[in-house]
Amino acid sequence: MTGQTISTAVAQRDSSPTALVRKYRTDFATVLPSHIKADTWLRVAQSAIRGNKQLEQAAKSNPASLLKALLEAARKGLEPGTEQFYLVPRKVKGRPEVLGITGYQGEVELMYRAGAVSSVKVEVVREHDRFDYNPGEHDRPVHGVDWRSPRGDLVLAYAYAVMRDGATSKVVVLSGDDIALIKSKADGADSQYSPWQWNPASMWLKSAAHQLAKWVPTSAEYVRLPEVPVEALPPLDQVPDAPATPAEDIVDAELVEEWPDEPADAEAAAGGTR
């Protein structure tokens with residue numbers, strides 16, 4: 001192999017999508033939650049790209065879209081190219097690019113990390129299943145399946161969480177029409193590589209889990225809640241009342257995931273991920 005051919009081969013290798021991931025490894029490590037090992041996460045990302053020719057071609061066509069998707073996965077602490085976080089090749093105006101989609105397992109993982117739930121239930125209901133839930137009458141859905149018979153088509157998806165104190169969260173139930181509306185608004189849902197096409201049940205589950213996430217805490221970081229022995233707690237009559245908050249200090253608010261004070265170089269290259 002001549003020196004020119006070697007130089008060309010090295011240049012092609014260094015411009016590959018996996019080389020791009022290596023180039024911005026520090027930026028990904030900066031936004032990854034503290035409990036995630038950056039080297040492991042990077043290997044998963046590179047393996048996902050190498051193992052999917054269509055994804056690799058889309059990443060070569062639009063490297064910024066790959067960086068954008070990977071930065072979102074890193075910020076959430078989810079494994080890219082898995083059912084936690086899908087990497088989907090698609091075409092926009094005829095040009096291939098990469099789209100990142102948080103999967104059902106990723107939505108549930110973020111709920112567990114927040115530390116407020118003891119369990120999360122997310123299921124699909126098919127036409128021959130038994131399903132009973134009336135808000136105000138039932139605390140949780142009653143769902144029965146005859147595993148010996150065909151279950152039929154998808155008809156519903158539902159989700160709820162059991163909180164650490166044993167209470168049941170809001171129960172989310174989505175009909176087929178609800179799912180169709182969500183799908184119609186989803187980016188890349190019509191791509192042949194989208195999980196909406198090859199694994200619709202997983203996207204029904206994801207849709208229900210995503211709606212549930214609006215009602216229970218989620219976090220990219222693991223929250224370790226200390227276990228305090230009951231005998232160590234003071235008697236109730238010795239617990240001081242919390243100071244009242246002035247009405248003018250109370251504002252509507254929502255939990256948001258914080259970004260680094262300064263955007264990483266990878267984010268700038270991706271055109272931002274917000």
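Start with Glu107 and Lys206, whose side chains meet in a salt bridge in this predicted model, with 3.8 Å between N and O. Glu107 belongs to helix 7 (residues 104–114) and Lys206 to helix 10 (residues 200–212), so the pair links distant parts of the chain, 99 residues apart. A salt bridge is counted here when the nitrogen and the carboxyl oxygen are within 4 Å, and the 3.8 Å of this pair meets that cut-off. Are the two partners buried or exposed? Glu107 has 7% relative accessibility and counts as buried, and Lys206, at 13%, counts as buried too.

Stay on helix 7 for a moment, because Met111 sits there as well. Met111 is buried, with a relative accessible area of 0%. What does Met111 touch, once residues up to four places away in sequence are set aside? Its contacts are Val117, Val120, Ala209, Leu212, Ala213, Val216, Pro217 and Thr218. Take Thr218 from that list: it is 107 residues from Met111 along the chain, yet their C-alpha atoms are separated by 4.4 Å.

Now back to the charged pairs. As a general point, side chains of opposite charge can pair when their charged atoms come close. The structure holds 10 salt bridges. One of them joins Arg25 to Asp39, with the closest N and O atoms 2.5 Å apart. Arg25 lies in helix 3 (residues 25–31) and Asp39 in helix 4 (residues 38–50), so this bridge ties together parts that are 14 residues apart in sequence. Both ends are partly exposed: Arg25 has 34% relative accessibility, and Asp39 has a relative accessible area of 42%.

Arg90 and Glu97 form another salt bridge, their closest N and O atoms being 2.8 Å apart. Here Arg90 is buried, and Glu97 is buried too.

Finally, have a look at helix 6, which runs over residues 63–76. Its 14 residues reach 20 Å from the first C-alpha to the last, close to the 20 Å expected at 1.5 Å a residue. How many of those residues are buried? The count is 10 of the 14, so helix 6 is largely enclosed by the rest of the structure. Among the buried ones are Leu66, Leu67, Leu70 and Leu71, along with Ala69, Ala73 and Ala74. Just after the helix comes Gly77, which takes a positive phi of about 70°.

Note on methods:
Residues are numbered from 1 along each chain as its sequence is written. This is a predicted model: local features need pLDDT of at least 70, side-chain atom pairs count only at pLDDT 80 or more; totals for chains, interfaces and linings use all residues. Side-chain values use heavy atoms; hydrogens and water are left out. Helices (H or I, at least four residues) and strands (E, at least two) are DSSP runs, numbered from the N terminus. Buried means under 20% relative accessible area, exposed over 50%, partly exposed in between (1.4 Å probe, protein chains only). Contact means heavy atoms within 4.5 Å. The expected span of a helix is 1.5 Å times one less than its number of residues.
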